[in-house]
Amino acid sequence: MIYQITHTTTYDYRGTVSVSHHVLRLTPRDLPHQRCLSHQVLIEPRPAVARPHIDYFGNAVTFVTVEGAHRKLTVTSSSKVAVLRPPLLDPAETPAWESVRDSNRGLQIGAGLDASEFVFSSPLIATTDEFADYAMPSFPKARPVLEAVLDLTRRIHNDFKFDPEATTIATPLEEVFENRRGVCQDFAQLQIGCLRSLGLPARYVSGYLETDPPPDQPRLLGADASHAWVSFFCTGIGWIDVDPTNSDLPATRHVTVAWGRDYNDVSPIRGVILGSGGHSLSVAVDVAPLDQ
């Protein structure tokens, strides 16, 4: 699949902003099954500084400074991305989950060593006995790890209600777990917390998801949104993506932008402003498949 992706973020400030600094993570990654064919970002007002770099996790980042009085900031990211179907995996043929856990305790080299840092708590995701207890019914002794993870994915999908009004970015994960409702970011962080609490490496993935319109209805521009899912490390295979919001294995409809320990590492836009006194935020994302 080839997609044209447009991600528009608009800040309307209540007062005048004299200067603002922003960090953007909006460039889709190049992966074995994904290629970013083109990408550009338009910013109004035009920034005085736009400096790209690669962060610790390999994500493309742009540091931006906007100078001069302004009461509105618009950031429009446009990307063309080709996505191939990842190799199909037989869950029953993956190693026992305990062997994956035991092989990712920081004693190895290579990819496994890099994965080990994703076993620990991070700023937004704590490892807790409560999360481990919730996950354990999916992880009986010697169960193949992908079977177990997919079962946990299904349970989160069934047990938690998608409710955009229930949480904000600041809602603690423990509150999400107690109230059993939230959005994709919450469900991804919950599953990561469960996996890490069992000693399995898991990271947070941000990106986009092509969604279908209701039956007999046209696609609506901006109907798609930024999405989040989970990637866990399996010894001998590598990183495997799962999507607890939709209870599936991401394939050609998921577009990866960035990954990290939790949402804090991959926020699409983060900034500091001087002035204003508050603002309103609107985000519109469109993921449109192109004719091939």
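Arginine 25 and aspartate 55 form a salt bridge, with their closest N and O atoms 3.0 Å apart; the term stands for a side-chain nitrogen of Lys or Arg within 4 Å of a carboxyl oxygen of Asp or Glu. This is a predicted model, in which local features need pLDDT of at least 70, side-chain atom pairs count only at pLDDT 80 or more, and totals for chains, interfaces and linings use all residues. Residues are numbered from 1 along each chain as its sequence is written, and side-chain values use heavy atoms, leaving out hydrogens and water.

**The arginine 25 pair**
- The pair links distant parts of the chain, 30 residues apart: arginine 25 sits in the loop between β1 (2-24) and β2 (34-44), and aspartate 55 in the loop between β3 (49-54) and β4 (60-83).
- Strands here are DSSP runs of E with at least two residues, helices are runs of H or I with at least four, and both are numbered from the N terminus.
- Both arginine 25 and aspartate 55 are buried (under 20% relative accessible area; exposed is over 50%, partly exposed in between, with a 1.4 Å probe and protein chains only).

**A pair within helix α4**
- Aspartate 151 bridges to arginine 154, the closest N and O atoms being 2.6 Å apart.
- Both lie in helix α4 (residues 145-159), three residues apart, about one turn of the helix.
- Aspartate 151 is buried because its relative accessible area is 15%, whereas arginine 154, at 38%, counts as partly exposed.

**The wider picture**
- Arg143, Glu147, Asp151 and Arg154 are joined in a salt-bridge network.
- The whole structure holds eight salt bridges.
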